[in-house]
Amino acid sequence: MDPLEKEKEKQIVPSTKYNLSVFDENFHMDIETTLEIKEPIGIHSVKFNYNDQYVAAGYRDGYVRIFNMMTKKIVCELNCNEENENQTLVQVMKWRPKMEGRTNNILMSACRDTIYEWHTPSRKIVYKKTFPDNTIFSMDYSNDGNDYALGFKDFSIRVYDGVKKVEKLKLGGHDNHKVTGHMSKIYAIKYHKDNPKILLSGGWDGNVLIWDLNTESPINIINGPMISGEGLDMNCFGEILTASWRKDSPLQLWDYETLQLKNDIEWNFKEKEDVKASTQLYCCKFSNDFGKYIFAGGSQVNAVKVFDWNGRGLATIDQLSHAPVALDSSNDVTKNEQLLAIGGGEGAIRVFKFSSTNPDF
């Protein structure tokens, strides 16, 4: 038995409040499962591991809870509060990419001013670092897993060697006047898909910066996106996806080479939707199968929507009781049916399965 399964199982209480609408006869979507703890606590981050065997959720009570996707049960709880006097929250999480010769199922979580790297099968902390008088809002691993980057409240980005755990460089920050950087909190960081020396970042200052880690300075800037969560992604075709917490133009697709807006994706694709009551977005993501699908979700009108790569609306998950602030899609793209997990203020993880019979997909 997998070591994660040795954890005492806890009964999951199902929830049913949501509405799913599909608008393309070739696209199929349905609920797979709802994962919920007995006393609902808001969720800030949701992540599948490399083979989709587990889905991890970071909660406002400072716990990371990991669910087995086969049994639909909690198999592991990781506590960020053990050494903290005050209850913290799990702001963001990332599974380390699967690497040959390296231990798998390593999960990094940011709990206010501290990062933890957990070996989830044993539930042991393998690394911990605290940043006094600061808060970590974003993180990402390079695709090769060798480095990771953290985005902070003090407007800085710090890049670390993932093996040696040493800081390699610091970008920007309100105490650094040598380089141009962000002028507000950094809520999203994303490594370039093919080049680990290129990093994208965005936050409250309305800019997406593209950093060259060799020169330790931004080489390009996209003006406009107001990012308030994990609202930044990039696919292998050089397209940048941004989600903004605003009513107008919340979901946009940009060209990496030209920095030009490729598509201002129309959020309200249902005829009966009220444009005045638009969803203001927290999160967005390309699917892992070369970005065939686009997912995004947010508040005001609490909804998650699915689009194809051209920005054509395929499905809506709405009438949620709280805002969906986190989402992730499955990593094993060899399966015909893929998975989409969403989480938010209501404390439930809803996992949907989806597929397409469209030959173009």
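**Sheets, cysteines and rings**

Let me start with an open sheet of four strands, in the order E2-E29-E28-E27, with antiparallel pairing. At its edges stand strand E2 (27-36) and strand E27 (324-329), each with a single partner strand, so one side of each is left without a neighbour in the sheet. Direction ignored, neighbouring strands of this sheet are turned by 20° against each other on average. That angle is taken between axes, which are lines fitted to C-alpha atoms, for helices over the stretch in contact; angles run from 0 to 180 degrees between N-to-C directions.

Before going further, the ground rules. This is a predicted model, in which local features need pLDDT of at least 70 and side-chain atom pairs count only at pLDDT 80 or more, while totals for chains, interfaces and linings use all residues. Residues are numbered from 1 along each chain as its sequence is written, and side-chain values use heavy atoms, with hydrogens and water left out. Strands (E, at least two residues) and helices (H or I, at least four) are DSSP runs, numbered from the N terminus. Two strands pair if DSSP finds at least two bridges between them.

Within that sheet, strand E28 (residues 338-344) and strand E29 (residues 348-356) pair in the antiparallel sense over six bridges. Ile 342 has Arg 350 in E29 as its bridge partner.

A second pairing is that of E11 and strand E12 (residues 147-152), antiparallel over five bridges. The two form a hairpin with five residues between them, and Gly 145 in the turn has a positive phi of about 80°. Asp 140 has Ala 149 in E12 as its bridge partner.

Now the cysteines. The structure holds one disulfide, a term that stands for a pair of cysteine sulfur atoms within 2.5 Å. Cys 80 and Cys 111 form it, with their sulfur atoms 2.3 Å apart. Cys 80 lies in the loop between strand E6 (74-79) and strand E7 (92-95) and Cys 111 in strand E8 (residues 106-111), so the pair ties together parts that are 31 residues apart in sequence. Both Cys 80 and Cys 111 are buried. Cys 76 is in no disulfide; its nearest cysteine sulfur, that of Cys 80, is 11 Å away. Cys 76 is buried too, at a relative accessible area of 0%. Cys 284 is also in no disulfide, and the nearest cysteine sulfur, that of Cys 283, is 7.5 Å away. Cys 284 is buried, at 5%.

Last, the rings. Rings of Phe, Tyr and Trp (its six-membered ring) pair if their centres lie within 6.5 Å; planes under 30 degrees apart count as stacked, over 60 as edge-to-face and the rest as tilted. By this rule there are 14 aromatic pairs. One of them, Tyr 187 with Trp 204, is tilted, at 5.3 Å centre to centre and 35° between the planes. Tyr 187 is buried, with a relative accessible area of 10%, whereas Trp 204 is partly exposed at 36%. Ring pairs also link Phe 131, Tyr 141, Tyr 148, Phe 152 and Tyr 160 into a cluster.

Notes:
Buried < 20%, exposed > 50% of the residue type's maximum accessible area, 1.4 Å probe, protein only.
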